[in-house]
Amino acid sequence: MTYSTGLTGFALRRIAGAVLVLVALSVIVYAVFYVAPGNVAQIVCGARCSPTQVALVHDKLGLSDPLYLQYAHFVQGIFAGRDFPTGTGALHCSAPCLGQSYRTDQQVTGLIIAKLPVTGSLVAGAFALWLLIGVGAGALSAWKRGGALERLLTWLTLAGTSTPVFVIGLLLIIVFCSTLQWLPFPQYVPFTDNPEQWFWGLLLPWFSLALIESAKYARLTRSSMLETLAEDHVRTFRAYGLTERAIVGRHALRGALAPVIALSALDVGTMFGGAVLTESLFGIPGIGRQLVESVRTVDLPVVVGVTLTTGFFVVLANAVADVLYAMADRRVVLS
């Protein structure tokens, strides 16, 4: 079996597995939220609604149907679209349709699409920073092993790993916005409106996420590089007179990047759903903040839609991470 053939088969197996996981995830998420106790129609209608009004809302929301039929309509909406009654007619929701908000009557897909660029901006900037800081600190720690710099970097990574993101965010706000007054309080501005304000508004949120994640990457890079530096071929390079800088930069770091690549792809996916605290702390109108507001108002279609969307990114990231790891380490495919 050639490497290219093996890699193709490996990728197809991962894609098939991801599809099965997504199907199972949709069933579990839908069942958990819609079987939850409480009269959803009463919550949507309000405390002062009469039983007749609650019954009308119950029928309008389609809650009278059996759960399996509600799920079938939900899946139909994703692939073929569906219609929602409005009292005087029907409102069509084109595929992929994730439902209609109980509170605003907006289509859930449109709400999520509007929030995706916001969370995407937060995740992309933090991703670039945590790779730069984490891999750089880990490589430097492995290169200067045994010295004071390594002990300092090890202490900082341990502190970063054990500190909650909201604590880091509050400290950054207090130091740079209140005490030093170097930065204004973060306020999200769309990139298309003002790129400069967009950058400054996301700078502290980027660092809040990046400092936490970079600690994990620094430890991973350091341990992987120390393993690589202890291998026989590295000792051969030293015997031939290669400098330590060349060995670390050209060989040890390259060998340590395989687990970093796999972990980074996975973390990008999970960060789409895990940036709730950061978005809430800095007032960023992204997917995480939308999820918090929808849970508070019991807007189940939005909660289910956001949960499935973030789950999709996590599953997709897992599949991409596996494929990238296989591309970086051929032994995964050929074993």
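On a 1 Å grid over the protein atoms alone, a cavity is a set of points where a 1.4 Å probe fits but cannot get out. A pocket is an open set with protein on both sides within 12 Å along at least five of seven lines, and lining residues have an atom within 4 Å of a point. Grid points are joined across faces, edges and corners; a volume is the space filled by probe spheres set on the points. The model is predicted, so local features need pLDDT of at least 70 and side-chain atom pairs count only at pLDDT 80 or more, whereas totals for chains, interfaces and linings use all residues. Residues are numbered from 1 along each chain as its sequence is written, and side-chain values use heavy atoms, with hydrogens and water left out.

By this rule there is one cavity of 30 Å³ or more. The largest cavity holds about 30 Å³ of space. Its lining consists of Leu111, Ile112, Lys115, Ile287, Gln290, Val302 and Val306. Helix 5 gives the most, with three residues. By class, the lining has five nonpolar residues, one polar and one charged. Nonpolar covers Ala, Val, Leu, Ile, Met, Phe, Trp, Tyr, Cys and Pro; charged covers Asp, Glu, Lys and Arg; the others, Gly among them, are polar.

Gln290 is one of the cavity-lining residues and is found in helix 12 (residues 287-296). Gln290 counts as buried because its relative accessible area is 14%. Buried means under 20% relative accessible area, exposed over 50%, and partly exposed in between (1.4 Å probe, protein chains only). Residues up to four places away in sequence aside, Gln290 touches Lys115, Val302 and Val306. Contact means heavy atoms within 4.5 Å.

The largest pocket contains about 570 Å³ of space. It is lined by 18 residues, and those closest to its centre are Leu22, Ile78, Leu98, Leu308 and Phe312. Two or more lining residues come from each of helix 1 (3-34), helix 4 (67-80), helix 5 (108-143) and helix 13 (300-328). Helix 13 gives the most, five residues. The lining has 14 nonpolar, four polar and no charged residues.

The second largest pocket has a volume of about 430 Å³. Of its 24 lining residues, Lys60, Leu61, Gly62, Phe84 and Tyr102 are the closest to the centre. Helix 1, helix 3 (51-60), helix 4 and strand 1 (82-85) each supply at least two. Strand 1 has the largest share, four residues. This lining divides into 12 nonpolar, six polar and six charged residues.

The structure holds one disulfide, defined as a pair of cysteine sulfur atoms within 2.5 Å. Cys93 and Cys97 form it, with sulfur atoms 2.1 Å apart. The link is right-handed, with 110 degrees about the S-S bond. Both Cys93 and Cys97 are buried.

Helix 7 (residues 165-179) has 15 residues. It reaches 20 Å from first C-alpha to last, close to the 21 Å expected at 1.5 Å a residue. The expected span is 1.5 Å times one less than the number of residues. Its buried residues are Val165, Ile168, Gly169, Leu172, Ile173 and Cys177. Cys177 counts as buried because its relative accessibility is 14%. Helix 8 (195-229) and helix 11 (276-282) are among the elements covering these residues. Just after helix 7, Gln181 takes a positive phi of about 55 degrees.
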